[in-house]
Amino acid sequence: IREIYKEVNPAVIRIETEQTVEINHPFFNDPMFRRFFQVPEGQQKQKRAGLGSGFIISSDGFAVTNHHVVQKVDKITVKLTSGKEYTAKLIGSDPNSDIALIKIDGAKGLKTAHLGDSDKIEVGDISLAIGNPFGLQSTLTTGIISSKGQDVNSADGVSRIQTDASINPGNSGGPLLSVRGEVIGINQMIYSQSGGSVGIGFAIPINHAKHVIEKLKAGKKIRQGYIGVSVDPEATDEKLSLLGVKGKTGLIVAQVVIGSPAFKAGIVSNDFITHIDGKAAEKFSVLKSAVLQKGVGANIEVKLIRQGKEMTVSVKVAEAPQQQQ
């Protein structure tokens, strides 16, 4: 582990941000208040500092962090573990996946982090997090993968990796690493009643992030894809028996939006989806992830069982209508 830290830590960055925020206090609009406290008209703004982490993915200065770390900020400052300090600019950001790409100004020959394969991780694997919790510099914490597919109501619908490696405010955007020193996730959030780590942290799977990063780097808009199906959240044994699929893993289609890509492909209610692009449909997030990763205009292969017959249909992903996914 110490060797992994030595190897990867130089690629992990401290991100400090500055944001101008308006103070919406009703007294500021009162002339008597301004005169008494000598507050000039218009002085209703203040600077707010922010802190996060990130990691470098190219030697010329491209780096990844969370969208919420750099959202609506006026200035981004990056500090390397060597002590060097740079300004950075936002290249692109996606609020749904909470991923942002920044470019460090004037940087060359930087140490980079190696991106791994988040599909290959297993529960119980050792995990490591490097970041700047509460402003502390270059902190390493260790734990295990607690779950590799937690549905946490994220805006993009993609499951998160759960880890008990300590993640705290300031870790956001930093890398979650495998025991091989490869980035398997982007640390994003925690569950906590105290504001500090209680051993339940979540990271964006790096395989999902790769697709978003590529599009952001190419200057492409991240378009939310959708196919227009909802699934039964409670696939009870009774329902599975009625459909003749008891003991099988999959998703029961509850509803298909008329005119949607799924509707056009011939998917109907009570179809039992078993595979998405060859991957077992264990959770609805498997379908959501495929839709997002393939992107608008791409085709997804859906294998399903209908009235005891197996069939495969191709669904062309469309752009999600407003308020739909």
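How many residues lie between β2 and β3 in their hairpin, and which residue in the turn has a positive phi? There are 5 residues between the two strands. G61 has the positive phi, about 110°. This is a predicted model.

## Strand pairing

Strand β1 covers residues 12-22. Strand β2 covers residues 45-56. The two pair in the antiparallel sense, over 11 bridges. One of the bridges joins T20 to K47 in β2.

β2 also pairs with β3, which spans residues 62-65. This pairing is antiparallel too, with 2 bridges. Here I56 has A63 in β3 as its bridge partner.

## Residue N9

N9 sits in the loop that runs from α1 (2-8) to β1. N9 counts as buried because its relative accessibility is 9%, and the cut-off for buried is under 20%.

Leaving out residues up to four places away in sequence, N9 touches I4, T81, I130 and S138. L80 is 71 residues from N9 in sequence. In space, their C-alpha atoms are 9.3 Å apart.

## Nonpolar cores

In soluble globular proteins, nonpolar side chains tend to be buried together. The largest nonpolar core in this model has 22 residues. F55, V64, I99, L177 and I186 touch the most other members. Elements giving two or more residues to this core are α1, β3, β6 (99-104), β7 (126-131), β11 (183-190) and α4 (206-217). α4 supplies the largest share, 5 residues.

Key
Residues are numbered from 1 along each chain as its sequence is written. This is a predicted model: local features need pLDDT of at least 70, side-chain atom pairs count only at pLDDT 80 or more; totals for chains, interfaces and linings use all residues. Side-chain values use heavy atoms; hydrogens and water are left out. Two strands pair if DSSP finds at least two bridges between them. Helices (H or I, at least four residues) and strands (E, at least two) are DSSP runs, numbered from the N terminus. Buried means under 20% relative accessible area, exposed over 50%, partly exposed in between (1.4 Å probe, protein chains only). Contact means heavy atoms within 4.5 Å. A nonpolar core is a set of buried Ala, Val, Leu, Ile, Met, Phe, Trp, Tyr and Cys residues joined through side-chain atoms within 4.5 Å.
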